[in-house]
2 protein chains.
Amino acid sequence: MLSKKSQYAFKALAYLTEKFNQGPVLISEISSKKKVPLKFLENILLELKKAGILESKKGKGGGYYLRKDPAQIKVATIVRLVNGPIAMLPCVSLYFYKRCDNCDETSCGLHDIMIQVRDASLGVLENKTLADLLPMK
Amino acid sequence: MLSKKSQYAFKALAYLTEKFNQGPVLISEISSKKKVPLKFLENILLELKKAGILESKKGKGGGYYLRKDPAQIKVATIVRLVNGPIAMLPCVSLYFYKRCDNCDETSCGLHDIMIQVRDASLGVLENKTLADLLPMK
DNA sequence: AAAATAGTCCACAAAGTTGGTGGGATAATC
DNA sequence: GATTATCCCACCAACTTTGTGGACTATTTT
């Protein structure tokens, strides 16, 4: 399951997608509009900035905004960034690979199943972007 | 990600699948062959028994064994039982549904995406069984 | 230059989850 | 009744999650 942090991140990103190209948005505005604890949100947005997803401006007229077009930012990227691995096992993760203890990957049936699950999930997550977070008009 | 507990459960079930129809298997045997901490395994197997997956016998000649044919037990069932929800959000879970706070499901883009991810994952997990855990002969 | 605005950074803490252990009770067999 | 093996409960250390508090820095306005 996605952590609360991840859910907050998506709420914030959805809001910033809505306001794309309309200048910086205040943390406090996102916090109140999307009902996300302000200080927690602060951490999350900072993390997204450090990862290159967001840009920020200080002082009056400042705030956060998307660095790229929402349609260019994959949902998979955000999940990996904020939530961690998408795969259900370390030994089938593309970005967080870790070999299993005592599990021969070439003869482990679970391994094969989890690769299929991973690829099925990625089929969706790699092809959806922040633009898909908005309800259709 | 699957918890260690879930990974242990699958290791144990793989072993019991191998030994299907060969009588009860000792916890201690599973523990040593699959390198799973004995006492932890005890809890896991008991849980699987209470859920109707395993059967057990006490005393000499006792142990655990699968209650049904491995090919009849879906991987999805085990994941839900030991690991919890398969979906990435409570509001798209079939077996663990919980409404999101402040998220209108009819207009939440993330909701739609996560339904697709869920269905993609279930497409695999609901169609694989314990029999698929064994390496092909 | 001072004041106001708004993000940055660090440290901490309560609560919950995970992974695991210890010891005794219960049931079946020899 | 001794042995074997599961059942059951209670507890625990470590880690993660979900936050909060407070000071600092950069930018703009007055």
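Trainee: Which element gives the most to the surface near DNA strand D?

Mentor: Count residues per element, and keep in mind that this is a predicted model. Here α3(B) gives the most to that surface, with six residues.

Trainee: Which residues come nearest to DNA strand D?

Mentor: Start from the residues with a heavy atom within 4 Å of the strand. For DNA strand D there are 26. Lys39(A), Glu42(B), Lys49(B), Ser56(B) and Tyr64(B) come nearest. Of the atoms of DNA strand D within 4 Å of the protein, sugar and phosphate make up 68%.

Trainee: What polar contacts reach DNA strand D from chain A?

Mentor: Look for pairs of N or O atoms within 3.5 Å. The side chain of Tyr8(A) places an N or O atom 2.7 Å from a phosphate oxygen of DNA strand D. Lys4(A) uses its backbone: a polar atom there is 3.3 Å from a phosphate oxygen. Lys58(A) has a polar side-chain atom 3.2 Å from a sugar or linking oxygen. Now the elements: α1 (4–18) and α3 of chain A, with α3, β1 (54–57) and β2 (63–66) of chain B, each give two or more residues to the surface near DNA strand D.

Trainee: How do the residues of that surface divide by class?

Mentor: Sort them into nonpolar, polar and charged.

Trainee: Now DNA strand C. How many residues surround it, and which are the closest?

Mentor: DNA strand C has 27 residues around it. The closest are Glu42(A), Lys49(A), Ser56(A), Tyr64(A) and Lys39(B). Among the atoms of DNA strand C within 4 Å of the protein, 68% are sugar or phosphate, and the rest belong to bases.

Trainee: Where are the polar contacts to DNA strand C?

Mentor: Take chain B, then chain A. A polar side-chain atom of Tyr8(B) is 3.0 Å from a phosphate oxygen of DNA strand C. In the side chain of Lys58(B), an N or O atom lies 3.2 Å from a sugar or linking oxygen. Ile27(A) contributes a polar backbone atom, 3.3 Å from a phosphate oxygen. The elements giving two or more residues to this surface are α3 (38–50), β1 (54–57) and β2 (63–66) of chain A, plus α1 (4–18) and α3 (38–50) of chain B.

Trainee: Which element gives the most near DNA strand C, and how many residues of each class are there?

Mentor: α3(A) gives the most, with five residues. By class, the surface near DNA strand C has 14 charged, eight nonpolar and five polar residues.

Technical notes:
Residues are numbered from 1 along each chain as its sequence is written. Chains are lettered from A and ligands numbered from 1 in the order in which they are written. This is a predicted model: local features need pLDDT of at least 70, side-chain atom pairs count only at pLDDT 80 or more; totals for chains, interfaces and linings use all residues. Side-chain values use heavy atoms; hydrogens and water are left out. A polar contact is a pair of N or O atoms within 3.5 Å; within protein, one must be able to donate a hydrogen and the other to accept it, and residues adjacent in sequence count only if both atoms are side-chain atoms. Helices (H or I, at least four residues) and strands (E, at least two) are DSSP runs, numbered from the N terminus. Ala, Val, Leu, Ile, Met, Phe, Trp, Tyr, Cys and Pro count as nonpolar, Asp, Glu, Lys and Arg as charged, and the others, Gly among them, as polar.
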